[in-house]
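Me: I'd like to go through the labels on this one and ask what backs each of them up. Can you take me through it?

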Amino acid sequence: MRVAEIMTRDPEVLPSDFILKDAALKMQQLDVGMLPIRDGDRLVGMLRATAEGRDPTKTRVREVMTPEVVYCFEDQDVSEAAKLMQEKQIRRLPILNREKRLVGIVSLGDLAVHSAEEKAVSKTIKEVSAPAEPKR
């Protein structure tokens with residue numbers, strides 16, 4: 001099964017100059033814990049949290065986003081996406097087309113609901129949920 005078959009298409013994306021307060025409101029409205037961040041039409045980061053002790057009315061999302069973007073291509077096998085989610089301990093994975101444009105998101109829920117590979121889904125949930133090594 002290909003990633004394109006289970007992904008959520010056309011996810012909401014915020015520009016990197018968006019104000020953090022507005023990003024937090026958007027995340028609340030959409031009931032999501034992560035939003036992709038773009039500069040122009042390029043994916044440049046992920047906003048996973050909206051607090052870092054900064055003024056949310058003056059802080060731009062580019063200042064607090066996660067700049068490392070872990071992604072998968074829409075034509076890859078679902079098992080490859082699951083493995084990447086396990087390795088990086090991420091619950092949501094941006095999906096790009098081969099022109100590297102964001103076309104969707106795969107979540108743990110997408111894997112659980114749409115994947116017939118129960119063993120792989122179970123392993124992914126276990127690995128993603130395991131406590132990460134503390135940063136030192």
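Predicted model: local features only at pLDDT ≥ 70, side-chain atom pairs only at ≥ 80, totals over all residues.

Me: What makes Tyr71 and Phe73 an edge-to-face pair?

Reply: Rings of Phe, Tyr and Trp (its six-membered ring) pair if their centres lie within 6.5 Å; planes under 30 degrees apart are stacked, over 60 edge-to-face, and the rest tilted. Here the centres are 5.6 Å apart and the planes at 80 degrees, so edge-to-face it is. The structure holds one aromatic pair.

Me: What sits over the ring of Phe73?

Reply: The charged end of Arg98, 3.8 Å from the ring centre. The rule asks for NZ of Lys or CZ of Arg within 6 Å of the ring centre and within 35 degrees of the ring normal.

Me: How do you know that E5 and E6 pair?

Reply: Strands and helices are DSSP runs numbered from the N terminus (strands E, at least two residues; helices H or I, at least four). Two strands pair if DSSP finds at least two bridges between them. Strand E5 (residues 72–73) and E6 have two, in the parallel sense, so they pair. Phe73 turns up again here, with Leu96 as its bridge partner in E6.

Me: What makes E6 largely enclosed?

Reply: Four of the five residues of strand E6 (residues 92–96) are buried, so the rest of the structure largely encloses it. E6 also runs antiparallel to strand E7 (residues 102–107), joined by five bridges, with Pro94 opposite Ile105. Five residues lie between the strands of that hairpin, where Lys100 takes a positive phi near 65 degrees.

Me: Why is the pairing in the E2-E3-E4 sheet called mixed?

Reply: Three strands form this open sheet in the order E2-E3-E4. Two bridges join E2 to strand E3 (residues 35–39) in parallel, whereas E3 and E4 pair in the antiparallel sense over five bridges. Strand E2 (14–15) and strand E4 (42–47) are the edges, each pairing on one side only. E3 and E4 form a hairpin with two residues between them, and Gly40 in the turn has a positive phi of about 65 degrees. As for cover, five of the six residues of E4 are buried.

Me: How do you know that the buried residues of H4 are on the same side?

Reply: The buried ones are Val121, Thr124 and Val128. They cover an arc of only 60 degrees around the axis, so they share one side of H4; the arc is that of the directions from the helix axis to the C-beta atoms. On the other side, Glu118, Lys119 and Lys126 are exposed.

Me: How does the span of H4 compare with the expected one?

Reply: The expected span is 1.5 Å times one less than the number of residues. H4 (residues 118–129) has twelve residues and reaches 16 Å from its first C-alpha to its last, close to the 16 Å expected.

Definitions and conventions
Residues numbered from 1 in each chain as written. Heavy atoms only, no water. Buried < 20%, exposed > 50% of the residue type's maximum accessible area, 1.4 Å probe, protein only.
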